[in-house]
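Welcome! Please keep the sequence and the 3D view at hand as you read.

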Amino acid sequence: MFGAYCLHVGADLSIGQVTDSGNIRCAFHGWEYDGGSGRCAYLPSGDPVPPRASLYRFPAVERYGIVFAFNGLEPRFSIPDFDHPEDSLVLRSGTFPDRFSVDSWVSRFMGHLREHP
Ligand code: FES
């Protein structure tokens with residue numbers, strides 16, 4: 001899972017597109033990032049690709065039908081296990097009226113949750 005914002009001037013890459021070759025193309029000015037590595041792969045201006053231009057890759061795990069991303073270099077703990085088989089869990093989504101403390105795996109992935117210090 002890569003960072004969501006283009007390295008050029010910060011456009012939201014989710015409104016871009018995935019090219020036939022698997023690159024992620026920014027909707028604003030067309031910078032492309034390799035879909036496997038996150039490295040900048042193409043500039044429509046023809047300028048050389050900045051050698052260190054690469055999207056940040058978040059440590060990520062898929063569990064319970066959800067992709068969890070950790071906001072850091074290395075996860076400090078694992079996704080918690082449930083006492084029931086994964087295929088017996090029912091996922092529901094919703095919004096929460098108040099802020100409350102949650103662990104970093106969840107708070108960084110679900111934008112509508114906020115973590116108290
Ligand atoms: S903001 Fe993405 S290419 Fe310019």
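What follows is a short tour by topic, from the overall layout to single residues.

This is a predicted model. The protein chain has 117 residues, and buried residues make up 26% of them. Its secondary structure comes to one helix and six strands. Along the sequence these elements come in the pattern β-β-β-β-β-β-α.

**The four-stranded sheet**

- Four strands make up an open sheet, in the order β1-β2-β3-β4, with antiparallel pairing.
- Its edges are β1 (17-18) and β4 (40-42), each of which pairs on one side only.
- Strand β3 covers residues 32-33, and two bridges join β3 to β4 in the antiparallel sense.
- If you want to see one of these pairings up close, look at E32, whose bridge partner in β4 is Y42.

**The hairpin**

- Strands β5 and β6 run antiparallel and are joined by four bridges.
- Together, β5 and β6 form a hairpin with two residues between them.
- Y64 sits in the turn of this hairpin and has a positive phi of about 60 degrees.

- E32 belongs to strand β3. Is E32 buried or exposed? Its relative accessible area is 8%, which is under the 20% cut-off, so E32 counts as buried.
- R25 forms a salt bridge with E32, and the closest N and O atoms are 3.0 Å apart. R25 is partly exposed, at a relative accessible area of 28%.
- The side chain of E32 also has a polar contact of 3.0 Å with the side chain of N23.
- Not counting residues up to four places away in sequence, E32 touches T19, N23, I24, R25, R39, C40, A41 and Y42.

- You will find N23 in the loop between β1 and β2 (24-25).
- N23 counts as buried, with 11% relative accessibility.
- Once residues up to four places away in sequence are set aside, N23 touches Q17, V18, E32, Y33, D34, G35 and A41.

**A second salt bridge**

- How many salt bridges does a search of the whole structure find? The search finds two.
- Besides the R25 and E32 pair, a salt bridge joins the side chains of R63 and D81, at 2.5 Å from N to O.
- This pair links distant parts of the chain, with R63 in strand β5 (residues 60-63) and D81 in the loop between β6 (66-69) and α1 (104-109), 18 residues apart.
- D81 counts as exposed, at 63% relative accessibility.

**Aromatic pairs**

- The count of aromatic pairs comes to two.
- Y56 and F58 make an edge-to-face pair, with 4.8 Å centre to centre and 85 degrees between the planes. Y56 is partly exposed, with a relative accessible area of 34%.
- F70 counts as buried, at 3% relative accessibility, whereas F77 is partly exposed, at 33%.

- Which residues make up the largest nonpolar core? This core has twelve residues: F2, C6, A11, L13, I24, C26, W31, Y33, C40, L43, A53 and L55.
- Leaving aside neighbours within four places in sequence, L55 is in contact with F2, G3, Y5, L7, L13, Y33 and G38.
- Across the protein chain, 31% of the contacts between residues at least 6 apart in sequence join residues at least 24 apart.

Methods
Residues are numbered from 1 along each chain as its sequence is written. This is a predicted model: local features need pLDDT of at least 70, side-chain atom pairs count only at pLDDT 80 or more; totals for chains, interfaces and linings use all residues. Side-chain values use heavy atoms; hydrogens and water are left out. Two strands pair if DSSP finds at least two bridges between them. A salt bridge is a side-chain nitrogen of Lys or Arg within 4 Å of a carboxyl oxygen of Asp or Glu. Buried means under 20% relative accessible area, exposed over 50%, partly exposed in between (1.4 Å probe, protein chains only). Rings of Phe, Tyr and Trp (its six-membered ring) pair if their centres lie within 6.5 Å; planes under 30 degrees apart count as stacked, over 60 as edge-to-face and the rest as tilted. A nonpolar core is a set of buried Ala, Val, Leu, Ile, Met, Phe, Trp, Tyr and Cys residues joined through side-chain atoms within 4.5 Å. Contact means heavy atoms within 4.5 Å. A polar contact is a pair of N or O atoms within 3.5 Å; within protein, one must be able to donate a hydrogen and the other to accept it, and residues adjacent in sequence count only if both atoms are side-chain atoms.
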